[in-house]
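Here's a quick tour of a protein model, one topic at a time. Keep the 3D view open and follow along as you read.

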Amino acid sequence: MSNFSVILLYFDPGLGAMIVQGLVAAAAGILLFSKNVMYKVKSFFGIAPKEEDTFDSIDIEDDETQENDSKK
Amino acid sequence: MIPKNSTHQASFRDPSGYMFHDGTTLRRAVNPIYFPQYEKLKSSGFFDTVIKKGLLIPHEETSVSEEQIILTPEPIPFITQPYEWSFEQYKHAALLTLQIHKYALSKGFILKDATSYNVTFHKGKAVFIDTLSFDFYEENTPWRAYKQFITHFFGPLILAKYHGTDIFKMMQTHIDGIPVKLIASLLPKKTKFSSTLFTNIHLLAKMESKHSEDYKAETKVAKLSRKAQNNILDSLFGYIKDLKVNEATEWGNYYDKTNYDSESFQAKKGLIREWVMDLKAKNLIDVGGNDGTFARTVSDQLEHVMVTDIDPNAVEYNYYQTKQNKETNMLPFVCDVLQPAPGIGFNNTERSSLIQRLKEYAPDVTMALALIHHVTLSGNVPFEKSAEFFAKFAGHLIIEFPKREDSWVTSLLVRKREFINHFDFYNQDGFEQGYQNYFDIVKSQPIAGTQRVLYLMKRKTA
């Protein structure tokens, strides 16, 4: 076992669940693309909704000065 | 070496390490099998960032040897379980899990498991508590915790959308999450027309049953690009973020419906504050505390406050206020006093019962306001029995007794119809007698303008 090998799974991820992810991703890709287009169209007309939830985005900024969560 | 009997009851599934009790301190041991991952997570600054962002519970490295690394995580006063969360809490736990996995992926790691027990609520918000849940990402591999995420988070949330948050209680009977097939069968047919629900649930259920007996298939390795995996995460995140549950709400106007005027409301608040401050209490639980209105009259004096209610909407509203006010010492959760969460999982100890957790939490003050008439008259629980329940964890008990003349009590009694005589025991004497089996009455005070009496009791020393 090399230093960077992955620990063997201690639970069964389910083969079906591993295979299906390709299809899930394809459907998600199409959906995200169309959402993105809609968003751009709406922004162009200035009607895109503003979001201000603490969970507004999945992405964590690498910027260390900013807390992810404004509640702190 | 750590004596085996001090290991945490829930900590045995992952060979990477385990939690153990060192006296009263909970620590985490890291096994050599996980050293490479741990070192990389630490040296790359991954731990630093996710801790700084408040996503992962902070920890200190206590000792390092060739056999073991010992970490001491920041103590969490009380762990709530997924079946005790309101909808918004459940949602935030799910979103946090996706956030943390996506960030890990961008740094060459993955979340290797995505159970809902890896998240709890601390300092007013969801936090990830399993420090060893990360592993190296291998390029072009699918997310192996994907199914777990569906059975622990996405499935329960979607089911709650259609059937109400009571569905979260199914997590009590399915410690590994609600089986995908079951989720699919409980969803309305129209969900097949949503591309997100069709692929993530119905198609997944189909693929799972198709491949369930395909034991030799390990050689067939499914591939998935990093970009594709990010698409799955982004779309799940977006979908969950917009999820709403439609349940009749009571909390909005609960205090308008109560039968006392604002003067007696203030009188009750004043009494509670005075008594709690006299006790110099540090932590408190308000059982049946609705949206936390009364707990908030003293929360500024306390280190930690918990408010539980049977009504998920009240808990939801409390959680909402906690976030709005940026309160860090308030923990709302759902609990039915007549059926508190049992101990579940292996040995029935993997996830401990509510009573067990409350014993360990050992609140200085337990409040039960406007609760006893429901427990006694709706739940048919004799006074002695409810006193026994409170005595299991309550040192001091502030309990409100509405007399027979109180309009709520009258209405509950009327509903007993021809059995109304069976409830003749419901009176102040009967109440005091029942509770004196377990408690000494320190003081009692009628609440001005009401038919209610507030008691302060102290548990008898056995």
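This is a predicted model: local features need pLDDT of at least 70, side-chain atom pairs count only at pLDDT 80 or more; totals for chains, interfaces and linings use all residues.

**Where chain B meets chain A**

- Chain B puts 54 residues into the contact, and chain A puts in 35 residues.
- On the chain B side, several elements supply at least two residues each: helix 2 (46-52), helix 3 (87-106), strand 8 (134-136), helix 4 (146-163), helix 7 (195-211) and helix 8 (226-241).
- Which helix gives the largest share of the side of chain B that touches chain A? That's helix 7 of chain B, with 10 residues.
- Sorted by class, this side of chain B holds 22 nonpolar, 14 polar and 18 charged residues.

**The sheet of 4 strands**

- Chain B has an open sheet of 4 strands in the order 1-2-4-3, with antiparallel pairing.
- Its edge strands are strand 1 (17-22) and strand 3 (59-64) of chain B, and each of these pairs on one side only.
- On average, neighbouring strands here are turned by 30 degrees against each other, if you ignore direction.
- Zoom in on strand 2 (residues 25-30) and strand 4 (residues 69-73) of chain B: they pair in the antiparallel sense over 3 bridges.

- Another open sheet in chain B has 7 strands, ordered 11-10-9-12-13-15-14, and its pairing is mixed.
- Strand 11 (330-334) and strand 14 (439-446) of chain B sit at the edges with a single partner strand each, so one side of each has no neighbour in the sheet.
- From one strand to the next, the twist averages 20 degrees.
- Helix 10 (residues 262-278) of chain B packs on this sheet and touches strand 9, strand 12 (365-368), strand 13 (396-402), strand 14 and strand 15 (452-459) of chain B.
- The direction of helix 10 makes about 15 degrees with that of strand 15 of chain B.

**Strand 10 and its partners**

- Strand 9 (residues 283-287) and strand 10 (residues 304-309) of chain B run parallel, paired over 5 bridges.
- Opposite residues in strand 10 of chain B include B:H304 facing B:N283 and B:V307 facing B:D286.
- Strand 10 of chain B is also joined to strand 11 of chain B, again in parallel, by 5 bridges.
- In that pairing, B:M306 stands opposite B:L331 in strand 11 of chain B.
- Strand 10 of chain B is mostly covered, with 5 of its 6 residues buried.

**A closer look at B:T308**

- You'll find B:T308 in strand 10 of chain B.
- Is B:T308 buried or exposed? It counts as buried, because it has 26 C-beta neighbours inside 10 Å and the cut-off for buried is 20 or more.
- Leaving out residues up to four places away in sequence, B:T308 touches B:I285, B:V287, B:G289, B:F333, B:V334 and B:C335.

**Two helices packed together**

- Helix 3 and helix 4 of chain B pack at an angle of about 145 degrees, and their axes are 10 Å apart.
- The crossing of these helices of chain B is left-handed.
- Residues of helix 3 of chain B that take part include B:F87, B:Y90 and B:A94, while helix 4 of chain B brings residues including B:F149, B:F153 and B:L157.
- By class, this contact has 9 nonpolar, 1 polar and 1 charged residues.

**Two residues with positive phi**

- Most residues other than glycine have a negative phi.
- B:A370 has a positive phi near 50 degrees, and this residue lies in the loop between strand 12 and helix 13 (372-378) of chain B.
- B:N380 also has a positive phi, near 55 degrees, in the loop between helix 13 and helix 14 (383-391) of chain B.
- B:A370 is buried, with 20 other C-beta atoms within 10 Å, whereas B:N380 is exposed, with 12.

Conventions. Residues are numbered from 1 along each chain as its sequence is written. Chains are lettered from A and ligands numbered from 1 in the order in which they are written. Two residues are in contact if their C-beta atoms, placed from the backbone, lie within 7 Å. Ala, Val, Leu, Ile, Met, Phe, Trp, Tyr, Cys and Pro count as nonpolar, Asp, Glu, Lys and Arg as charged, and the others, Gly among them, as polar. Two strands pair if DSSP finds at least two bridges between them. Axes are lines fitted to C-alpha atoms, for helices over the stretch in contact, and angles run from 0 to 180 degrees between N-to-C directions. A crossing is left-handed if the near helix is turned anticlockwise from the far one by less than a right angle, and right-handed if clockwise.
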